[in-house]
Structures are given as C-alpha cells and as structure tokens.
Amino acid sequence: QVRLVMKAHSFVRENVPRVLSSVKDKSSTVPIPRISQYLYFLFAPTLIYRDNYPRNPTIRWGYVATKFAQVLGSLFYAYYIFVRLCIPQFHNSSQETFNLRGLVLCIFNSILPGVLILFLAFFAFLHCWLNAFAEMLRFADRMFYK
C-alpha cells in the first residue's frame, strides 16, 4: 500500500505541473501520459515517474527463472527455519503455566531465526523479485538511483 501511494504521489507530482503549464499557456494539446506508461510505471522497480525509461532490447529468461528460483529457495529456507528453530520454542508454551523466565528464553531463542527470516524476506523481495520483474519489463537502468 505504501509503495502504491508513493508511486501515485510521484505520478501526480511529475504530471500536474506539465498540465498546469499547458493550461496556463493555453496550448491546444495537454501532455497527459498514456495509460500504458502509467501501467509500466506501476510494475517497474522505481518510485520516480518518467514517461520513458531506458529499456533492454531483449529479456533474459534464464535470469528471470534464476531469480524466481531464488525466491522459491528463500521461501523454503524460511519454512525450514520456522519448523526447526521457531515452532519448537513455542510448541509447549500453551501447555505450561506462564512464567517470565520461559517467555524471555523463548524470545531470546527466537531472535536469531527472526533476523534470518528478515534477511531472507529482504533478499527475496527487494533483490530477487524486483530484479525478475525489472528483467521481464526490460527495465535497463539498474543504477537508476545512483
């Protein structure tokens, strides 16, 4: 939701001044972007709207498959971490009486698996997922923000 709000803000911020200046100049044509440009922007891995982005001539489908395989591998590894390290910590906690020592031990024993899962989520989404979509959309400027 936050990403979509940020994209909408960027789209409005880039296009409203152009429309207002053409209305102010009483121009016959108003520079409104096409719906295809907006849809491309919604799926492109960028938060800065432009009418045109640099594009690759071809799609490397092997690279896309590798990135999606890495996403699946990250999901399976996160599942493994949950099953082996997180669930056993809390499995018997519902049957035992509440004590502060047990709660603190469960929390401290879950910190490392939680951090690993957080890193996996960042890697899977921000690196693999977005790079796969960038490749499928032929988004060529991978150093866009630099």
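Biologist: Where does the kink lie in α1?

Modeller: The bend at a residue is the angle between axes fitted to the seven residues ending there and the seven starting there. In α1 a kink of about 25 degrees lies at Asn15, shortly before the proline Pro17. This is a predicted model: local features need pLDDT of at least 70, side-chain atom pairs count only at pLDDT 80 or more, and totals for chains, interfaces and linings use all residues. Residues are numbered from 1 along each chain as its sequence is written, and side-chain values use heavy atoms, with hydrogens and water left out.

Biologist: Which residues of α1 are buried?

Modeller: Buried means under 20% relative accessible area (1.4 Å probe, protein chains only). In α1 these are Lys7, Ser10, Phe11, Asn15 and Ser22. Their cover includes α2 (35–43); helices are DSSP runs (H or I, at least four residues) numbered from the N terminus.

Biologist: How is the protein chain divided?

Modeller: Domain bounds come from an automatic or database domain assignment. Here they give domain 1 (1–53) and domain 2 (55–145). Each contributes eight residues to the contact, meaning heavy atoms within 4.5 Å.

Biologist: What area is buried between domain 1 and domain 2?

Modeller: Buried area is the accessible area (1.4 Å probe) that two parts lose on being put together, summed over both. For this pair the value is about 900 Å², with 75% from carbon and sulfur atoms. On the side of domain 1, Tyr40, Pro45 and Tyr53 lose the most area to domain 2, together 61% of what that side buries.

Technical notes. Helix = DSSP H or I, 4+ residues; strand = E, 2+ residues; numbered from the N terminus. Buried < 20%, exposed > 50% of the residue type's maximum accessible area, 1.4 Å probe, protein only.
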